[in-house]
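Please read this report with the sequence and the three-dimensional view side by side. It takes a few selected places one after another and describes each in turn.

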Amino acid sequence: MSRELPEQAQVVIIGGGIIGCSVAYHLAELGWTDVVLLERKSLTSGTTWHAAGLVGQLRATHNLTRLAQYTTELYENLEQVTGQATGFRQTGSLSLATDAERFEELKRGASMASCFGLEVEVISPAEAQELYPIMSIDGLVGAVYLPRDGQTNPTDTTQALARGARNKGVRIFEQTRVNALEKKSGRITAVITDKGRIACETVVNCAGMWGREVGQMCGVSVPLHAAEHFYIVTEPIPDLPRNLPVVREPSVCNYYKEDAGKLLVGMFEPVAKPWGMAGIPDSFEFDTLPEDVAHIEEHLGCAIERIPVLGNAGIKIFFNGPESFTPDDRYLLGPDPEVPNFFVAAGFNSIGIQSAGGAGKVLAEWIVNDQPPMDLWDVDIRRMMPFQINQKYLHDRTVEALGLLYAMHWPFRQPESARGVRTSPLHLRLEERGACFGETAGWERANWFAPAGVSPSYEYSYGRQNWFEHSAAEHLAVRENVGFFDMTSFGKFLLQGVDAATVLDRVSANRMDVEPGRVVYTQWLNDQGGIEADLTVTRLSETEFLVVTAAASQMRDFHWLRSSIRPDERAWVSDMTSAYAVISLMGPRSRELLQSLTPADLSNDAFLFGTSQEIELGYALVRATRISYVGELGWEIYIPSDFALGVFDVLSDSGHAYDLRPAGLHALNSLRIEKAYRHWGHDISPDDNPLEAGLRFAVDFDKPNSFRGRDALLRASEQPPKKRLIQFLLQDPQPMLYHEEPIWCDGKRVGSTTSGMYGHSLGGCVGLGYIETGEPINQGFIDGSVWEIEVAGERVPATASLRPLYDPGSSRVRM
């Protein structure tokens, strides 16, 4: 163990739990050994030491599952590599279903797992009991078994990672508290500890439940909050079978783990107890929190019903300890957009042990290569908004967040806590019209509208939910007549300066040097040609451009653009998101309605598709942009926020004569997917390039100036892509598609869906998904093959197409 604190290090890692030690280990594996890890007390003494040590592999998305798979592979061999025992055992895991809906969720998960190469079995209650003979199967309808899941000793595994890092030259200092971070010109230059100052090039915040506090030292938002987590450990149980699989019974929020002849029973109760509101004591080290048997009594009763032997077992430990949770139950990874040499790996929501290997590996690669090795948007810290560091918000959301680990992961499920944070100027008007709101990036957005006499609230299921028919009516109103969407949540950036066009042309794959008033659909690419952003750009003048992107990627895209401006370029970007409300008026009669309210000429000759004009509307001057994300004639209307209600009321009052209908985001999704419009974060990502995604039309290889990712894209274009995004329509109108359903071609699994929604104009569920066949993919190949989509273990025949199944010639948007 190093004793003298160095004056300088290439990388300083703050936090000596399993995450910090994994980052150190993987940096050393990549040859970066000038690394210092600082731990305020002893390694693992925060939350790692008391973790249950479960090592599951199936996560919500492909890439997160890949990371969990890597963690398992790492732990399998870590003792052999480092010489330090880890306690890792591959015992398998069982997830139990006590009702049909939960069993469908598990079966859908099993189908998804098969896409990722995971061994998985859907089994009967009797087969589950064979694997776990001390379990009662009363009330069970089925289970899913993953034989390669396991468990490990968290402390020993962390020590093994630390030993592996030290063996390669990493220096680890315990009992060393970080007091401050020095910052100059927007970058961290040194870490100040109670033992001295360390100058550094990169800092990694792996401080766990102290992560928010460490972030505040340099003005970085790290939104996480501690919550109490409970489990009990029994006295030794005679004749308890060894190497039992880990059992999860999510319907009662319990998990069960055999450990050295004892049973551990843990809970993720639906109403959690946030902790640390007054700060974490400086003395905190291997501390526990007060027992609260009453809080978990109901869950213990359920545990005894499932595993009767617990009824006669003595309880050795009533454990209560803190763990940190994020607002969306996904951990925080990557560089902060405001301080690019400050990386974060924190907020692991009770899955730190099973995530540590993969998270440490990809973050180390991100640091070394200055870019992530794969699409990590699910956990990218840039998804978080600055307001989410608010302490009351974090406290209130944490009450709900812990229990979501075992709650039903319903399609379209919305958080119930810490709501009403960001609202459109039109919010109350929409509420009066029966809006049922969902939440994205803090925005309250109308997802669907309840007619009179219907409660605007969700009733979740994996089938057609209670809003299905109402959203269908909104969908058809836009297809056949006219409807409006409140799209105020769009991220909106104003890029200005004499070099603005140069900056955008270099960042964008499409040509940006267009006439003022033109609207350009484009992607921003990384050096490998992967899609980092998908958005529209309107040229307002020679030196001004309006960039519009999705609400969820507001922070990410803003900082991508800002960081692309070179020091010698005369350009600057401002976030104008809150300055404008946006009403999207769409449908065949949208021109007729809008023309009745403005003196501007909205005819096809005077107002072409893909153009934008300032027009009069009501008493306001607004920007009308003729584009569409629904596949119909329409305009997006950008209104200064202080004029929004007046414009809305004029549209609404005049709209009665045209049967104008409000429409929500669910209808927007069903409309766009029928037209095969892509959605960044689902259908396109940094792992996909525009050629694979069918977006070649939005790439201008011949524009005078090069663009980022051009060379990689040119190389990819030299041969037909063997990976392609395809649109599918289920031939059976009943099954529902959501995402990650396996795609079968002529009896072989060739990919999975990226998004799905019911297509009310096409008469069945529509999905988009990538296929990889090892041979060129064209419409002839598509037409000559038999296609199926696997839904909860059942294959459903599907029609496949490279072109949109709705209005393939796009005549309706140009009418």
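## Strand, helices and loops

Val191 lies in strand β10, which covers residues 187–193; helices (H or I, at least four residues) and strands (E, at least two) are DSSP runs, numbered from the N terminus. The model is a predicted one, in which local features need pLDDT of at least 70 and side-chain atom pairs count only at pLDDT 80 or more, while totals for chains, interfaces and linings use all residues. Residues are numbered from 1 along each chain as its sequence is written, and side-chain values use heavy atoms, with hydrogens and water left out.

Is Val191 buried or exposed? Val191 counts as buried, because its relative accessibility is 0%, where buried means under 20% relative accessible area, exposed over 50% and partly exposed in between (1.4 Å probe, protein chains only). When neighbours within four places in sequence are left aside, the residues in contact with Val191 include Val12, Leu38, Val178, Ile198 and Val203, contact being heavy atoms within 4.5 Å. The C-alpha atoms of Val191 and Asn179 are separated by 8.0 Å, and these two residues are 12 residues apart along the chain.

Two helices can be set side by side in a table, in which the expected span is 1.5 Å times one less than the number of residues in the helix.

| Helix | Residues | Number of residues | Span, first to last C-alpha | Expected span |
|---|---|---|---|---|
| α5 | 154–167 | 14 residues | 20 Å | 20 Å |
| α11 | 468–480 | 13 residues | 18 Å | 18 Å |

At the start of α5, a side-chain oxygen of Asn153 reaches to within 3.1 Å of the backbone nitrogen of Thr155, and just after this helix Gly169 takes a positive phi of about 115°. The buried residues of α5 include Pro154, Thr158, Leu161 and Ala165, and among the elements that cover the buried residues of α5 are α1 (18–29), α2 (62–82), β8 (171–173) and α8 (352–369). In α11 the buried residues include Phe468, His470, Glu474 and Arg479, and their cover includes β22 (443–449), β29 (580–586) and α16 (665–674).

Two packed helices are described by the angle between their axes and the distance between the axes. For α1 and α2 the angle is about 70° and the axes are 14 Å apart, where axes are lines fitted to C-alpha atoms, for helices over the stretch in contact, and angles run from 0 to 180 degrees between N-to-C directions. That makes α1 roughly perpendicular to α2, since angles of 65 to 115 degrees count as roughly perpendicular. Ile18, Tyr25 and His26 in α1 meet residues of α2 that include Tyr70, Leu74 and Val81.

Thr61 sits in the loop between β3 (54–55) and α2, and this residue is buried, with a relative accessible area of 17%. The side chain of Thr61 makes a polar contact, at 2.9 Å, with the side chain of Asp378; such a contact is a pair of N or O atoms within 3.5 Å, of which, within protein, one must be able to donate a hydrogen and the other to accept it, and residues adjacent in sequence count only if both atoms are side-chain atoms.

Two further loop residues have a positive phi without being glycine. Asp329 has a phi of about 65° and lies in the loop between β17 (315–325) and β18 (332–335), whereas Asn349 has a phi near 50° and is found in the loop between β19 (342–346) and α8. Asp329 counts as buried at 15% relative accessibility, and Asn349 counts as buried at 1%.

Definitions and conventions: Angles under 35 degrees count as roughly parallel, over 145 as roughly antiparallel, 65 to 115 as roughly perpendicular and the rest as oblique.
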